[in-house]
Amino acid sequence: MRLLLVAFLAFLTLIPTVSPAEEPAKPKLLVVIVFDQMRGDYIDRWQPLFGEDGFKRLQTKGAWFTDCHYPYASTITGPGHASILSGTGPNKHGIIHNDWYDRQAGATVNCASNDRYQFVPALKKAPVDPEKITTTPSTEKLAGNPERMMCETVADVLKAKTKGRVIGLSLKDRGALLPVGHSPDAAYWFNGQFLTSTFYRESVPQWVSDFNKSGLAESYFVKEWTAFKPELDYNKWVGPDTAPGEGKGVSQGVKFPHPTTGGAKLPGGKYYDAVATSPFGNELLLAFAKSCIDAEKLGQTEAADLLTISFSSNDLIGHVYGPDSQEVLDTTLRSDAVVAELLKHLDAKVGAGKYAVMVTADHGICPLPEHSAKLGKDAKRVSSIALIAGAEKHLREKFGEPEPASGKTKARWIEAIAAPHVYLNHRLIAAKKRTVKEVTDAFAAYLRKQDGVHSVFTGEQLSAPFVPNEETFLTMAKRSFYPARGGDVYVILKPFYLIGTTSTVERLATGTTHGSPHPYDTHVPLIAFGPGVPGGSRSEKVTPLHVAAIASWFLDIPKPKDAEYELPKSLLRN
Ligand SMILES: [Zn+2]
């Protein structure tokens, strides 16, 4: 009997080892990779061209969500990076655009910088930004910080609840700092060198200085951007190298090989813009990320860490050459190699099975109108100058000529534009004894009749409560609207139409952009790869805002306060 009891007790102690925990150990490091401008279809249509160790490893060994769309209309870099790890949209986090008009300040403000902080180390040169839509002087010389972000992110929860460390990296300030919230250990971006701001720290660690001194950022000066896979017939996959509507980048020309000097005589100035607008920009950031993982020992200490990496070159290149170009195909193949290299590094430094990786994007991109037209689609470039001039003239005819505001300049009915937001002149409306509603409604009615305009919503419509189960462009625009920051009207163009985005400079004579609720702008990749997640593709409808829930699950912390989504149902079973 006693023997039996001993045997039974011995059996009991064995139970934990014969029945291992259902859930594997949580990862020591979560890496959230954002490709700035990557449409969800790229990693599907070009998958046969990928190697085994990059995207394909994540697509087959992780959960690959093929039907991932932004649920809001403002598919732009600032809003995307603010949404991914907060799990909510611009209506909650307040990042409605990269730059918007601040009525009280009477000036355009930037989503990720203000004049309260300094660069660390001091600024050398700011990179070119094709998304600048400001009507007032450039804000790119201001040092980055998250003070305009109104929500917490997964990073804030991690910092509050654990000893885990948080670092955000990108070439763009907003790409580096918005995902990692208000209290990261560091955020670094590129302005001719990797830097941060006094919001985060007073000096950079030795490894950042060493990296900047290494000369890597300057080493691309003598390199031309040539085909990554010269043996592959790019023509067969995307058509000819030179297509109508393609731009020339930063003195890079329309076809391969693309020089990387930026037209400069020495590395500096425009040269750095050219590097950022080539796949070398991603390679530079990858090298910096590897140095960061090593120097900061991410995933190699007790608490789980969070690293976000936003690769910006895809966006700068995509704006110039369009999504159906050999350049974007080439950049995507090189992005696959970047992912492979990063995974290899994580395998070596953190250990396979001990880290998790998520991949998504901040937005997609509209095809070049010339490309769409060739396919028989109704597609066009609309002149912003003509549209705005026509609208201003209409308002003057209807509500009267403005008096000269000061000196000889007449005030304007249209005060500022941060497309798709347009801001009317409220002082002028009051002076003319009109109401904002009256002028806004007339303005919206005029715009609705113009060529290329799909729909126009007023601030009043966008501030109305959500209607349950209603999924329309109005719902998507409501999620993009933060009343204190939004315009009087919100303009959505017809699909495949593009418009210049400022009143004074005609842009987009070539190239393309994003920022609409159309599927080519909302569709992005979403992959979750890590311990406990079975591999394979998922057809469940998800959004990039689901990343917040999945990331919190990987990190074993509560979701951020405003996160709107639960774990996708198909994440843990396939
Ligand atoms: Zn962009």
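Me: What covers the buried residues of α4?
Reply: The cover of the buried residues of α4 includes β1 (29–35), α5 (90–93), α7 (173–177), β11 (305–311), β12 (355–361) and α21 (546–555). Helices here are DSSP runs of H or I with at least four residues, strands are runs of E with at least two, and both are numbered from the N terminus. Buried means under 20% relative accessible area, exposed over 50%, and partly exposed in between, with a 1.4 Å probe and protein chains only. Contact means heavy atoms within 4.5 Å.

Me: What kind of model is this, and how are residues numbered?
Reply: It is a predicted model, in which local features need pLDDT of at least 70 and side-chain atom pairs count only at pLDDT 80 or more, while totals for chains, interfaces and linings use all residues. Residues are numbered from 1 along each chain as its sequence is written, and side-chain values use heavy atoms, with hydrogens and water left out.

Me: Back to α4. How many of its residues are buried?
Reply: Eight of the eight residues in α4 (residues 77–84) are buried, so the helix is mostly covered. They are T77, G78, P79, G80, H81, A82, S83 and I84.

Me: And α21, how many there?
Reply: In α21, 10 of 10 residues are buried. These are H546, V547, A548, A549, I550, A551, S552, W553, F554 and L555.

Me: Which residues of α6 are buried, and what covers them?
Reply: V154, A155, D156, V157 and L158 are buried in α6 (residues 154–161). Their cover includes β8 (166–170), β11 and α21.

Me: Which residues touch the most other members of the largest nonpolar core?
Reply: L307 and V357 do, in a core of 130 residues. A nonpolar core is a set of buried Ala, Val, Leu, Ile, Met, Phe, Trp, Tyr and Cys residues joined through side-chain atoms within 4.5 Å.

Me: What is L307 in contact with?
Reply: Neighbours within four places in sequence aside, L307 contacts L29, L30, V31, V32, I167, L169, C292, I293 and L298. Apart from that core lies another one of 26 residues, including V382, W413, Y446 and V489.

Me: Helix packing next. What is the angle between α15 and α17?
Reply: About 135°, and the axes of α15 (residues 384–399) and α17 (residues 436–448) are 10 Å apart. Axes are lines fitted to C-alpha atoms, for helices over the stretch in contact, and angles run from 0 to 180 degrees between N-to-C directions.

Me: How does that pair count, by orientation and handedness?
Reply: The two helices are oblique to each other. The classes are roughly parallel under 35 degrees, roughly antiparallel over 145, roughly perpendicular from 65 to 115, and oblique for the rest. The crossing of α15 and α17 is right-handed. A crossing is right-handed if the near helix is turned clockwise from the far one by less than a right angle, and left-handed if anticlockwise.

Me: Which residues meet there?
Reply: From α15, L387, G390, A391, H394, L395, K398 and F399 meet E438, V439, A442, F443, Y446 and L447 of α17. By class, that contact has nine nonpolar, two polar and two charged residues. Ala, Val, Leu, Ile, Met, Phe, Trp, Tyr, Cys and Pro count as nonpolar, Asp, Glu, Lys and Arg as charged, and the others, Gly among them, as polar.

Me: What about α12 and α13, what angle do they make?
Reply: Helix α12 (residues 313–321) and helix α13 (residues 326–349) pack at about 165°, with axes 9 Å apart. The pair is therefore roughly antiparallel, and the crossing is left-handed. N314, I317, G318 and Y321 of α12 meet E327, V328, T331 and S335 of α13. The contact divides into three nonpolar, four polar and one charged.

Me: Backbone now. Where is P257, and is its bond from F256 cis or trans?
Reply: P257 sits in the loop between α9 (234–238) and α10 (270–276). The bond from F256 is cis, with omega near -5°. Most peptide bonds are trans.

Me: What does P257 touch?
Reply: E224, W225 and T226, not counting residues up to four places away in sequence. P257 counts as partly exposed, at 41% relative accessibility.

Me: What is phi at K433, and is the residue buried or exposed?
Reply: Phi of K433 is near 55°, a positive value in a residue other than glycine. K433 is exposed, at 74% relative accessibility, and lies in the loop between α16 (426–431) and α17.

Me: Where does D556 lie, and what is its phi?
Reply: D556 lies in the segment after α21, with a positive phi near 60°. D556 counts as exposed, with a relative accessible area of 59%.
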